[in-house]
Amino acid sequence: GTREGDALGIAISTTYTIYGSGDVMLQMTARADASMPNLPRVGVRLQLPGELAQVEWLGNGPEECYQDREAAAVVGCYKRSVKEMHVPYIMPGENGGRSGTRWVALRETGSAATPGLLIMPTLNTPPMQMNVSEYGMEQLDSATHNHHLVSEDSVHVHMDIAHMGVGGDDSWTPSCMPKYQIAGAQPYELAIRLRALVPELSLNVEDVFRTSL
């Protein structure tokens, strides 16, 4: 099915394709009105059950990294708990992202014998900016101190095709460098595939990813 909408000057079209295998492909196109300022991020947000408390991904890591903070990042396969993905800055906000993500898997435990969900870019979508958190963006935006955050019953996953840089190169520039900003008045397209990981499958996530290329 396809959904279309225009929210706050951003035209969005989303198509969901469900395959006989149970896989779901999500394709999205988005374009902001030319009058809008630069965008903070462009992507999809998923709200998953809180039981999926373990994260494994292939991409930049192991610590948080954004497009202007990749000097210390190394592409590899990493595992963390959802709780460990959070970076406890004094004033909460966007944190814990991992750039260059080829796939991310969430499971109930760190064992391949437990169910989970595999999320991966597809249809020529390049590696994405990934964020997994036990806190929703609304709570991160409204809290004034890290100790005010309350763990939610959901796992919030962001898969972004574009994400602005962190900035902070100096103490007086209000934003990040121009090359790390996201212009709104241009189209963005992405496609991700969602696949259930079930204990009956002996394949590990790396094998599943290869079979989906």
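Predicted model: local features only at pLDDT ≥ 70, side-chain atom pairs only at ≥ 80, totals over all residues.
Strand β9 spans residues 116–121. It is mostly covered, with six of its six residues buried. G116, L118 and M120 point one way. L117, I119 and P121 point the other way. Residues on both sides are buried.

| Partner of β9 | Residues | Sense | Bridges | Example pair |
|---|---|---|---|---|
| β8 | 103–107 | antiparallel | four | L106 opposite L117 |
| β12 | 188–197 | antiparallel | six | L197 with G116 |

G116 has its bridge partner, L197, in β12.

**Cysteines**

How many disulfides does the structure hold? The count is zero. A disulfide is a covalent bond between the sulfur atoms of two cysteines.

Is C65 buried or exposed? C65 has a relative accessibility of 1%, so it counts as buried, because the cut-off for buried is under 20% relative accessible area. The relative accessible area of C176 is 4%, so C176 is buried by that cut-off too.

**The second largest pocket**

The second largest pocket has a volume of about 300 Å³. It is lined by 15 residues. Which of them are closest to its centre? They are Y66, E94, H163, G165 and V166. By class, the lining has eight nonpolar residues, three polar ones and four charged ones.

Notes. Residues numbered from 1 in each chain as written. Heavy atoms only, no water. 1 Å grid on protein atoms, 1.4 Å probe; cavity = no way out; pocket = protein on both sides within 12 Å on 5 of 7 lines; lining within 4 Å. Points joined across faces, edges and corners; volume = space filled by probe spheres on them. Nonpolar A, V, L, I, M, F, W, Y, C, P; charged D, E, K, R; others polar. Disulfide = S-S within 2.5 Å. Buried < 20%, exposed > 50% of the residue type's maximum accessible area, 1.4 Å probe, protein only. Helix = DSSP H or I, 4+ residues; strand = E, 2+ residues; numbered from the N terminus. Pairing = 2+ DSSP bridges.
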